[in-house]
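Please look over the sequence and the model below before reading on. The text after them goes through a few places in the fold, one at a time.

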Amino acid sequence: MPGINISTTTRTGPISTSVRESSQAFFVGIALRGPTDRAVLVGSLEEFELTYGGFVSGSYLHSTVQTFFEEGGSQCWIARVSGTGAIASTLSLLNSTTPVITLTAVGAGVWSMPAGTETLSAIVETGTASGTKVVKIYKEGTLIMSTGNCTTNQQIAGKINSHSVAKLLCFATVAPNYETASLAALPSTATAFGDGTDTDGVTGSAPTDTQLAAGLTLFNDELGTGAVACPESVGADVQVALIAHANNFNRLAFLYPAAGSDPNDGTDYAAMIAITQAIKAGSNAEHVAFFAPWVYVPTSVAGINRMIPPVGYAAAARARAHNGVGPHQPGAGVSSVARFVTGLEFPIGSTVGDNLDNESINAIRIINNTIRIYGARSCSSDLPNFRYITAQDVTNYVVVQAYRDLEDILFRPIDSRNAMFADIRQRLQTIMEGLRSIGAIHEAFNNAGERIDYGYSVKCDSSINPIANLVDGLVKARVGFRVTGVGDSIQVDIIKSSLTATVV
């Protein structure tokens with residue numbers, strides 16, 4: 001019919017239109033399906049579900065990613081881990097009884113679920129042109145791609161493997177010597193992929209902490225800085241791996257206690273403190289932020305909430321802070337007011353909250369009738385340098401930017417006019433000026449308001465580059481800076497005067 005047709009829907013994704021790469025998160029966990037050999041960048045829950053599927057009972061990855069985007073996160077990398085025994089689902093397209101084209105799901109997992117949920121299927125039809133066949137692939141009963149008329153099996157496989165959506169779900173391989181063989185038409189209804197079980201009918205065991213920790217290796221250094229977390233386990237092996245990873249790849253490790261850990265209970269409180277004290281006693285604690293308690297988020301069933309670890313919320317609050325202000329702004333206080341999280345596993349009052357802060361645990365509290373992250377502490381015992389997690393966040397930002405911006409200078413001649421030195425200085429100064437301009441660097445002024453320094457220094461000249469180093473191809477540069485502090489405490493003296501006294 002003629003006229004204007006308008007439909008409405010909801011969108012789960014980043015709220016900010018300005019996205020800094022440093023705002024990203026890295027989550028390792030369990031998903032219904034998807035690749036296990038590489039990390040995938042997703043920019044919305046829809047993108048996550050396209051590759052990794054929907055909610056999995058007993059897993060927190062899906063809910064964590066949903067919370068991250070609903071709370072304003074911008075983009076996150078996913079590393080899916082599967083347990084021992086799981087295999088990839090397959091579907092064979094036949095010539096009579098001979099498998100000619102095999103469609104293999106991306107990653108081990110379960111595709112053939114009860115009717116209407118997470119199914120992947122395909123059908124072969126006779127093409128509209130003589131001697132052609134058409135392969136159509138469906139996800140949950142919805143057509144996601146059609147090859148169109150194809151004259152060879154190799155052509156069919158090529159179209160499937162290059163399709164923007166289909167290649168995220170499966171890949172096609174042609175049996176040797178059958179590149180040009182014909183395909184028999186399948187039944188009029190699409191045939192589903194197998195269920196991803198092994199020969200004994202087992203879908204695979206749940207991933208161990210060792211396997212979850214190993215999944216972190218998919219987040220290589222090329223992906224940049226950000227916050228990394230595993231919502232599936234609070235095991236010591238996983239926490240140790242997260243901390244080491246954060247240090248090695250210039251990221252932050254977001255940790256949390258086990259479900260049921262009540263900060264108001266003496267035993268649970270002592271157990272949480274024991275964790276942060278152990279982290280402080282170890283190495284790289286400046287890369288660690290610890291959050292408590294667990295939080296509640298909505299489910300698809302009205303009025304029913306689900307309890308999940310707080311790391312998706314904390315990572316989103318950090319992303320909002322980075323995108324809105326910069327890496328020196330912590331994801332805490334009013335900037336972290338919850339938009340999707342509906343409640344806390346345990347309420348935390350001011351006294352317990354202060355005690356947690358003293359022990360480097362960032363409490364999630366209800367303030368002015370809103371849920372907020374009420375702390376910006378790292379687990380470092382080096383308070384002058386790394387009391388706040390933003391100190392390491394800004395440092396990570398500088399390190400990653402320096403790596404990238406200086407790559408194009410490598411393998412240049414070290415000329416006697418010091419052009420290479422000047423180029424290095426210019427690129428490093430550009431990084432630091434960008435941070436200074438947004439207030440991430442603490443400049444120094446005297447009492448008269450005169451500038452003492454810009455809060456940073458960059459040096460690359462002959463004084464730190466002797467000929468002995470240059471002969472070996474080594475060029476040195478030095479960057480020093482002060483990170484802007486965080487005001488997490490305000491003291492106001494309120495003095496009441498009598499009617500006959502002077503007002504102070």
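The model is predicted.

Two packed helices are described by the angle between their axes and by the distance between those axes. Begin with helix H1, residues 45-52, and helix H2, which pack at an angle of about 155 degrees with their axes 9 Å apart. Angles over 145 degrees count as roughly antiparallel, and so H1 is roughly antiparallel to H2. The crossing in which H1 passes H2 is right-handed. On the H1 side the contact is made by Leu 45, Phe 48 and Glu 49, and on the H2 side by Leu 61, His 62, Val 65, Gln 66 and Phe 69. Sorted by class, this contact of H1 with H2 has five nonpolar residues, two polar and one charged.

H2, residues 61-70, also packs with H8, here at an angle of about 25 degrees and with the axes 8 Å apart. Because angles under 35 degrees count as roughly parallel, H2 and H8 are roughly parallel to each other. H2 passes H8 in a crossing that is right-handed. From H2, the residues Thr 64, Thr 67 and Phe 68 take part, and they meet Val 311, Gly 312, Tyr 313, Ala 315, Ala 316 and Ala 319 of H8. The contact of H2 with H8 consists of six nonpolar and three polar residues, with no charged ones.

Next come the pockets. The largest pocket has a volume of about 520 Å³. Its lining is made up of 24 residues, and those nearest the centre are Tyr 374, Gly 375, Gly 487, Asp 488 and Ser 489. Helix H9, residues 350-358, and strand E17, residues 361-367, each give at least two residues to this lining. H9 supplies the largest share, five residues. By class, the lining of the largest pocket divides into eleven polar, eight nonpolar and five charged residues.

The second largest pocket holds about 340 Å³ of space. It is lined by 16 residues, of which Leu 406, Leu 410, Met 420, Ile 424 and Val 475 are the closest to its centre. Helix H11, residues 389-406, and helix H12, residues 419-437, are each the source of at least two lining residues of the second largest pocket. H11 gives the most, with three residues. Which classes of residue make up the lining of the second largest pocket? Twelve of the residues are nonpolar, three are charged and one is polar.

How many cavities of 30 Å³ or more does the structure hold? There is one cavity of that size. The largest cavity has a volume of about 130 Å³. Around the largest cavity are 19 lining residues, with Phe 254, Phe 291, Pro 330, Gly 331 and Ile 389 nearest its centre. Strand E12 (252-255), strand E13 (288-292), helix H8 (311-324) and H11 each supply at least two residues of this lining. By class, the lining of the largest cavity has eleven nonpolar residues, six polar and two charged.

Methods:
Residues are numbered from 1 along each chain as its sequence is written. This is a predicted model: local features need pLDDT of at least 70, side-chain atom pairs count only at pLDDT 80 or more; totals for chains, interfaces and linings use all residues. Side-chain values use heavy atoms; hydrogens and water are left out. On a 1 Å grid over the protein atoms alone, a cavity is a set of points where a 1.4 Å probe fits but cannot get out, and a pocket is an open set with protein on both sides within 12 Å along at least five of seven lines; lining residues have an atom within 4 Å of a point. Grid points are joined across faces, edges and corners, and a volume is the space filled by probe spheres set on the points. Helices (H or I, at least four residues) and strands (E, at least two) are DSSP runs, numbered from the N terminus. Ala, Val, Leu, Ile, Met, Phe, Trp, Tyr, Cys and Pro count as nonpolar, Asp, Glu, Lys and Arg as charged, and the others, Gly among them, as polar. Axes are lines fitted to C-alpha atoms, for helices over the stretch in contact, and angles run from 0 to 180 degrees between N-to-C directions. Angles under 35 degrees count as roughly parallel, over 145 as roughly antiparallel, 65 to 115 as roughly perpendicular and the rest as oblique. A crossing is left-handed if the near helix is turned anticlockwise from the far one by less than a right angle, and right-handed if clockwise. Contact means heavy atoms within 4.5 Å.
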